[in-house]
Amino acid sequence: MTAKVHRRSGPSDWIKKKLDSFGRPVRYAVDIASGAGRHSFLLSDIASDVTAVDRNLELSNFFRDTHVHFLCIDLERPTWPMEGDLYDIVLVSNYLYRPHLIDIIELVSPGGFLVYETFGNGNERFGKPSNPNFLLKPGELRRSVGDDFVIIEDFFGEVEEPQHAVKSRFFARRAENPIE
Ligand SMILES: C[S@@+](CC[C@H](N)C(=O)[O-])C[C@H]1O[C@@H](n2cnc3c(N)ncnc32)[C@H](O)[C@@H]1O
């Protein structure tokens, strides 16, 4: 998928709705595997410091002269490259790399939010992605966040828009004082 394609497609309606629901501004937000930033720019409406992370250096052009910092990082290196970083909102859209799923969840600060939307098992019936490595299993995010998070929304199933697909949509908040 090229950067141009990302730029042309608008943000996910579901993600837009979740970000619109934030009653207060936050400080730090990150868009993981951001593409051309269709959601990074939405994040900058509610967060004063937004980072977009993607391994594709060409995408940096989309962030030039904007308030979004672009970091060119390979998120699939065996050693997690964002160790110790914390964000008030961690947003992931249409990306899954299971070996670092927990590391991505660990980026959410105490009291911070995880907004995650990507394809789920069964999507192979409708098109790509069809590789099970790129498809979430039902309940996988709920199990992965464990008891530290309050789940606000957890949907797994078929959607019609923007195309017929199986999607997982997950919105959760990490407790201010996680259980030891
Ligand atoms: C399907 S696109 C989704 C882009 C964006 N999140 C969106 O929803 O518009 C997947 C993105 O993941 C990025 N990506 C794939 N593998 C990556 C890796 N190892 N490290 C960082 N980014 C990666 C790609 O460059 C691409 O921009």
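**Overall dimensions, core and ligand shell**

The model is predicted: local features need pLDDT of at least 70, side-chain atom pairs count only at pLDDT 80 or more, and totals for chains, interfaces and linings use all residues. Residues are numbered from 1 along each chain as its sequence is written. Along its principal axes, the C-alpha trace of the protein chain spans about 40 × 40 × 35 Å.

Five helices and seven strands make up the secondary structure of the protein chain, in the order α-α-β-α-β-β-β-α-β-α-β-β from the N terminus. Helices (H or I, at least four residues) and strands (E, at least two) are DSSP runs, numbered from the N terminus.

Of the 180 residues, 35% count as buried (20 or more other C-beta atoms within 10 Å of the residue's own, with C-beta atoms placed from the backbone). The largest nonpolar core holds 42 residues, and Ile 89, Val 90, Leu 91 and Leu 114 have the most contacts inside it. Such a core is a set of buried Ala, Val, Leu, Ile, Met, Phe, Trp, Tyr and Cys residues joined through C-beta atoms within 7 Å. Strand β5 (residues 108–119) contributes the largest share of this core, six residues.

The ligand is surrounded by 15 residues, the closest being Ala 33, Gly 35, Arg 55, Leu 75 and Ser 93 (C-beta atom, placed from the backbone, within 6 Å of the molecule).

Definitions and conventions. Buried ≥ 20, exposed ≤ 12 C-beta atoms within 10 Å, placed from the backbone.
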